[in-house]
Every structure is written in structure tokens, then in C-alpha cells.
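Me: Could you go through this structure with me, step by step? I'd like to know what the terms mean as we meet them.

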Amino acid sequence: MTRIGCLFDRLRKQGRKGLIAYLTAGDPSPERTPALVEALERGGADLIELGVPFSDPIADGPVIQRAGERALKAGTTLGGVLQMAAEIRGRSEVPLLLFTYLNPVMRYGLERLARDAASAGIDGCLLTDASVEEAGAYAAAMHAEGLDTVFLAAPTSTERRLKLVAEYSTGFVYLVSRAGVTGERDSLSAAVGPLIEAVRRVTALPLAVGFGISKPEHVAELGRQVEAVVVGSALVRLIERNLDNPSLEIQLESFTRELKHGFGAHA
Amino acid sequence: MTPQPDAGGHFGPYGGRYVPEVLMAPIEELETAYLAARQDPAFQAELALLLSTYAGRPTPLYFARHLSAQLGGARLWLKREDLLHTGAHKINNCLGQALLARRMGKRRIIAETGAGQHGVATATVCALLGFECVVYMGEEDMRRQRLNVFRMRLLGAQVVGVATGSRTLKDAISEAMRDWVAHVGDTHYLLGSALGAHPYPMMVRDFHKIIGEEARAQILAAEGRLPDAVIACVGGGSNAIGIFHAFLPDRAVQLIGVEAGGRGEALGQHAARYRGGAPGVLQGAYSYVLQDEHGQIAGTHSVSAGLDYAMIGPEHAWLHDQSRAEYVAASDREALDAARLLSRAEGIIPALESAHAVAEAVKRAPAASGRVIVVNLSGRGDKDIDIYRENFPELDR
């Protein structure tokens, strides 16, 4: 079992919910990423999604698009992100999930990535544009090295598709809260409740909800329904607004803590 | 060759469906609706009527007597898609998809555009059939093609500038996909080339294959035999696959796709995917794509905005690997010169895209005495007048 599986076991035994934090690796610079991850951990993040920037991120809204552009401009590559992961792993056991698009992964090589990611201490991978129909070779390569493959379930997914998503997912299933791209929203979509119910019917895996989650209130509401909540754009926007601020890490830590407090007694 | 694509939309290893899960169910719904419409005589009859009475089909196959004589070799025939309403082949696909969208109960159509030809054709069919229309266009392309931006607005479309990435076609497609993800319930994404996730490459090809069907019958009637070669320009590859398709079983007919050679061999200076591109995934499909060593999609350049795109349609990737079609490149300069030559010789000003196909015919014709070559003249050059003016300053004094 990966650190991801262990995390969800531990959360269940302790009656807690997990906070998953996304950041774009290499934003604003590759050197800065390990310290930002450490700040997220201090604030209470239970799992870190390391976004690998891609030139054409069709699933992302403007905040994460801009972060990707900054990271690419700073020279970030998939190989570089693995080095960052190894550095983080040198001092921490926090679960790490690579979050990216297929093309950089195919270019790197599926088997080579699985091998290098495992030895860098990565626990799993989520590729936003890898549909389950096209994911056979990718999932096999990751599983052969003991890595988890997390797939997205969406409000538009049919029952047949949700079964496939559950079948290909290991570690947890990532539920997209609404039909749309990544980015903060004021309120939660009404689509999320029925989606959670529909996915529960087809899998016993832990569920995490993401896309549009930006406030402690969202975390509180979802914490009553699923095992973990993902926050991405709200954190990336905080980084964007404080690029030259020496207290960026402190602010990131305290915002993460605020989000985590949304779980209340289950934090 | 076995019929392509397979049930999953694969042309050999290429094509397929590489989109976020939120789009998978809508794409399956689109495929189901399209396969039903394709079998429905009422749908086909309505499309055929609009193609003839509104768009202007069939288009002529014209013998370019003067150009042939001037080059002193092959007999050159031009398939005159430039004579269609809105000035290019794009209207074939727009009419087909808009009728499909109406059948699916959508009320809003979105599209991307590079040069603006597909945007204008989309805005046109939306005006005709009463759809709300939003066209995404890179800000750089809006600057290069101001006239088409105005035409779209005149037709009632909203043109949304895209300021991300390279601000060209690739970024406009990404933005249209993001819009679609958020509005799948009432919106159809009218993709303009033989690109993207299945069923788009197949569906766009089907709506354009009438080009080749007409051309094949016309050349048989005119020359009493099949041509030796068929030449078309290839951006995403919709006009090329449209004219190639009817000739695929005719193994003796050479099929030649012409990519944008741009202004140099280095990555970023051209849009010739077989010149340094490698198979990869972009915007829904697996095919040859220009990219760097880390899998980031490369910038492209062409004097012709319609060919200025990093990926070639997946069926062309398959035809290339099967050696059924051959792919070459024409430089910016060669295309510009060919446009000028055709204008003077035949009184036909071609679109810059189509001028790339003409350029290849100009290269081949002198040594091809007795051969018959069909060139797909996919669009007319009105939209490119500003670029021609910049490049032929001696005519503008």
C-alpha cells in the first residue's frame, strides 16, 4: 500500500478528514517549491498534489494556467519536479501525487516515469486528460512500480463510466464538484451531492472532492460527506499575490490552517 | 486497408479520446447522435439541400490551362472550393454540425478560429439556423485578420479574444474546450478541423468527403481517367482528408499533403509536423505534434494562419505511417509566389493556405509531362489581401 492508502486508513481510524493541497511545482521557481510544500504541511495538509506544468492545460482555469506559465518560464520540467519530490521526501512522509497532462508523461516515457517517480518517493499520479478508455498502458506501468492511479469522476459521468473510473482508480477517486475547469467559486455546486452518492454505489474507495473549493465553509460542508477535500486555485492565487513577499510561506501556512479548521472536530 | 476509425475512434494507433472526464459523456452523446443522423435519410437530405442551394455545391473542377501551359508539364485541375459561400470549404462541415446540434436540442454553438474562415462559416450557419454563437480567437490572430473579426460580428457572433499562451489557434481551441466543459448541457462545440477527440476527426472528414467524391467523378468525366496525383494543404487537415478520402482505394493515385514550411527549419519557425514532430497528445487526440524534449507543445509559424497549428489530424498520421499519403512542406515564400503566379495566370487569387498546395503543384508539374494533377483550391484569397500587400510592396505604390 502506498502512503496514500495508509493516509486514508489512518484518517478512518482516527475519525478525521483529509485536506489535499495542490500547488504548481516550480511556481514561482523550482528552488521555492519544497519550502512551500513544507508550509502546506505545517498548516495541516494531509496530501500534496504536485502539479507538473503543461503548455496547453485544457482542464485548468486562469489561475492555474498562469502558475503553469510562471513555472515553465522558470525552467520547470517533469524531471525537475521529480527532483523536488525527492528533496521533500528526504525530510517528510507526506503523500505526494503528481497531477498533470498526458503529453509530458508520454514524452518522458511511461515505464521510465513510473520507475523514477517511485524512487523519488512519489505515491501516485493523476492525468487530467487520460480517459479510462486510453489509460490501460499508463495504469499498468504505474501499478507495476506500486504507484497509485487516481482518476476523475464528473457530474456528467454516466453510471457505466463511473464503474470504469472506480475500476482504474487506486488510492482514492477524485470527484470534480461541477462541470467546469479548476478555479475558485463562491458556492458549492448542487451537482456534488448526487455525484457522491453515485460514486459510493460503485466503489468502496475513499472519495475526495475538488474543483472550486476555496473556503473553510466549503471544506466544512464537504467534510461531512467525503473522506477528503482538495483545494488548489485558492492556494495558487495566494502564492501569485505574494510572489515577492518574504512572508509567503507564513501566509500559506495560516490559510491552509484556516481551511483545515473547516473540518471542525474532524480536523 | 480496413475501415478507419475503429469503434474507439482510432486510426491505427492515432486519434482516440484524450479529454477530461467531464467531457467524456457529452462526447459519447455527440457520437451517438452523429451515428444516428448519418443513417437518417431526412438529415442527409436537408444537408444536401443546404449544400446545393445555400453553400453552392457542387463546386467546379476547373482545368488551369494557362498555368499548365506556363509550367510546361502536367495537366493541372483545380477543385474550386474557394467558390463556396463564405469563401472556403469550411462551410461543408459547419452546415453538417449545426444541423446535428439542432437535432441534439442545443441552443448555443461555440467555435475556435485561426484565420477566421472557420469562425465566419460558423457565424454564418448560426445566423442561418438561429443559434447563439461565440467564437474564440487568439488576440494575435484577431490583429492579423481584422476583417474576419468584423464579418463575424456583422453575422451576429460574439468574438472572444484569447490572451493566453501564443494567442493563436491552439489557445483558442483550449479556451473553447474550457467553455464547453462549463456549458455542456446547452452548447455544441463546432470544431473546425479533422482534429480533437473522437468523433470529431471522423465526423469532420465525413462532412468534407463530398469534395473528393465530386472531384473523382468530375475528373473521370473530363479526362476519362483517374488523376496521377491529388494535392491539398494540411493544417489540421480537413480539406485534405475531404479530397483524399474518395481516392483512398485508388492505390495508383498519389495523395500529397502540403504542410506549412514557414520561414526556416528550426522548431518554432514552421508548422511542418513531419519535420521534427513526434506522436503525442494535444487537445483530445493522439497524433504527430511539434513539441520540445520535455513534451511541451512548441510554438509554430506560418504566413498562413489556417496552417499555423502544432498537430496534424490523426487520420493523416495514419495515412503517413501507412505510406498511403505523402507529406511535404512549402515555405512562406513559395506559397506567396504561387499565389501571385495563379492570380496572374488564371485570374484566381487563392487563400494563403491553398497557395501551399499550388506551390507543390508548381514544383512537380514541369517534370510530369502527360500526368494529371488535381489541386484542392480550398479557399479564396480575399481574407489575405493585407498579407499579400505587405509581401508585394511593389504592387502597392
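Reply: Let us begin with a term: a salt bridge is a side-chain nitrogen of Lys or Arg within 4 Å of a carboxyl oxygen of Asp or Glu. This is a predicted model, in which local features need pLDDT of at least 70 and side-chain atom pairs count only at pLDDT 80 or more, while totals for chains, interfaces and linings use all residues. Residues are numbered from 1 along each chain as its sequence is written, chains are lettered from A and ligands numbered from 1 in the order in which they are written, and side-chain values use heavy atoms, with hydrogens and water left out.

Me: ok, and which residue does B:E21 form a salt bridge with?
Reply: B:E21 forms a salt bridge with A:R161, and the closest N and O atoms of the two are 2.9 Å apart. The pair crosses between chains, from helix α1 of chain B to helix α8 (residues 159-168) of chain A, where helices (H or I, at least four residues) and strands (E, at least two) are DSSP runs numbered from the N terminus.

Me: what about the contact between the chains, how many residues of chain B are in it?
Reply: Counting heavy atoms within 4.5 Å as contact, 36 residues of chain B are in contact with 34 residues of chain A. Chain B and chain A bury about 2,800 Å² between them, 53% of it on carbon and sulfur atoms; buried area is the accessible area (1.4 Å probe) that two parts lose on being put together, summed over both. B:E21, B:R178 and B:Q296 together supply 25% of the area that chain B buries against chain A, which is more than any other three residues.

Me: now the sheets. What is the strand order in the four-strand one?
Reply: The order in this open sheet of chain B is β7-β6-β5-β8, with parallel pairing, and two strands pair if DSSP finds at least two bridges between them. β7 (158-162) and β8 (187-189) of chain B stand at the edges with a single partner strand each, so one side of each is left without a neighbour in the sheet.

Me: which strand does β5 pair with over six bridges?
Reply: Strand β5 (residues 108-113) of chain B pairs in the parallel sense with strand β6 (residues 132-138) of chain B, and there B:A111 stands opposite B:V135 in β6(B). Helix α8 (residues 169-182) of chain B packs on the sheet and touches β5, β6, β7 and β8 of chain B, and its direction makes about 160 degrees with that of β5(B); axes here are lines fitted to C-alpha atoms, for helices over the stretch in contact, and angles run from 0 to 180 degrees between N-to-C directions.

Me: and the sheet of six strands, which are its edge strands?
Reply: That open sheet of chain B has the order β3-β4-β14-β9-β10-β13 with mixed pairing, and its edge strands are β3 (61-63) and β13 (325-331) of chain B, each pairing on one side only. Seven bridges join the parallel strands β10 (residues 254-262) and β13 of chain B, and in β13(B) the bridge partner of B:I256 is B:E326.
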